[in-house]
Amino acid sequence: MAARQHSLICRGCWEQMHLPVLLRGVASAPYRAFGIRPSRMNPNTCTICELMFTKVMRARKITIDATIMFADLRGYTSLSQSQSPDAVSGLLDAFYDECAGAIWEHDGLLNKTIGDAVMAIFNFPLRRDEHPRNAVLAARDLQKNWRARREALVTAHGLTASELGIGIGIHCGELSFGEFGHSHRDLTAIGTVVNTASRAQSVAEADQILVTKAVFDRAQPDLKNCVSKPFQLKGFEAPVELYAA
Ligand SMILES: [Zn+2]
């Protein structure tokens, strides 16, 4: 696939300190010698940014307004029983690759891969007022790029297209960001916003994007003509209104 165009300097260092930290090209060699390189969670930011945030988090968790997106590869579990391990890991690599491309293109952080799902955070560490909209645009890009790519994957592995769709859920609001867990400390977000996004993803059909009312309200006019319907989500007493984006 075509190489993606990444930023030459770290966007985080530039936006927050006006420091041009070179990430790529011949001139980045001195930075690399000091261990400063592109972050694996967002290659447009650097390992210094990562470290700085980790240190801040260690002191205390912070509450931020952010958008959470979950994307899940449908049919993966049944595929993993009928396909060779090589074919399965190839599919998953292709999926992660497309997720990363779409998330980074819209300044999000690919925070976690959980089996056949990914979790992305928008508005951290790159701050963007329009983060709910960025998440929606990333989700739409992901669906579009995946539809284009899966034809080849489907043909190569003798599958049907419906077996390889992506279900996406998005929610936004205040959440806790920090290092959680005891044995394995993990830099991530927790809270109701995260759970709701995850539940929305679990009821999304293949090729579908479901967003909450909070996202619908804040991502206008991009979601102007979207229709909603109530869903009974696991762990929620009242039905939750979700919009197909
Ligand atoms: Zn940086």
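**Exercise 1. Find which side chain meets that of Asp107 in a salt bridge, and follow the contacts from there.**

The side chains of Arg128 and Asp107 meet in a salt bridge at 2.8 Å, N to O, where a salt bridge is a side-chain nitrogen of Lys or Arg within 4 Å of a carboxyl oxygen of Asp or Glu. This pair links distant parts of the chain, since Arg128 lies in the loop between β3 and α6 and Asp107 in the loop between α5 and β2 (108–114), 21 residues apart; helices (H or I, at least four residues) and strands (E, at least two) are DSSP runs, numbered from the N terminus. The model is a predicted one, in which local features need pLDDT of at least 70 and side-chain atom pairs count only at pLDDT 80 or more, while totals for chains, interfaces and linings use all residues. Residues are numbered from 1 along each chain as its sequence is written, and side-chain values use heavy atoms, with hydrogens and water left out.

The next step is the other contact of Arg128. Its side chain also meets that of Glu15 in a salt bridge (2.9 Å, N to O), and here the partners are 113 residues apart, with Glu15 in helix α1 (residues 11–17). Salt bridges that share partners join Arg11, Glu15, Asp107 and Arg128 into one network.

**Exercise 2. Decide whether Arg128 is buried or exposed, and do likewise for Glu15 and Asp107.**

Buried means under 20% relative accessible area, exposed over 50%, and partly exposed in between (1.4 Å probe, protein chains only). Arg128, with a relative accessible area of 14%, is therefore buried, and Asp107 is buried as well, at 13%. Glu15, at 34%, is partly exposed.

**Exercise 3. Identify which residues coordinate the zinc ion, and state the geometry of its site.**

The zinc ion is coordinated by the SG atoms of Cys10, Cys13, Cys46 and Cys49, at 2.2 to 2.4 Å; donors are N, O and S atoms within 2.8 Å of the metal (3.2 Å for Na, K and Ca), and water is not among the atoms, so sites may look incomplete. In sequence, these donor residues are spaced C-x2-C-x32-C-x2-C.

The angles among the four donor atoms run from 97 to 117°, and the site is tetrahedral, because four donors count as tetrahedral if all angles lie between 85 and 135 degrees. For comparison, the ideal angle for four tetrahedral donors is 109.5 degrees.

Finally, Cys46 is buried, with a relative accessible area of 0%, and Cys49 counts as buried at 1%.

Note on methods: Four donors count as tetrahedral if all angles lie between 85 and 135 degrees; four count as square planar and six as octahedral if opposite donors are over 155 degrees apart and all others between 65 and 115; anything else is irregular.
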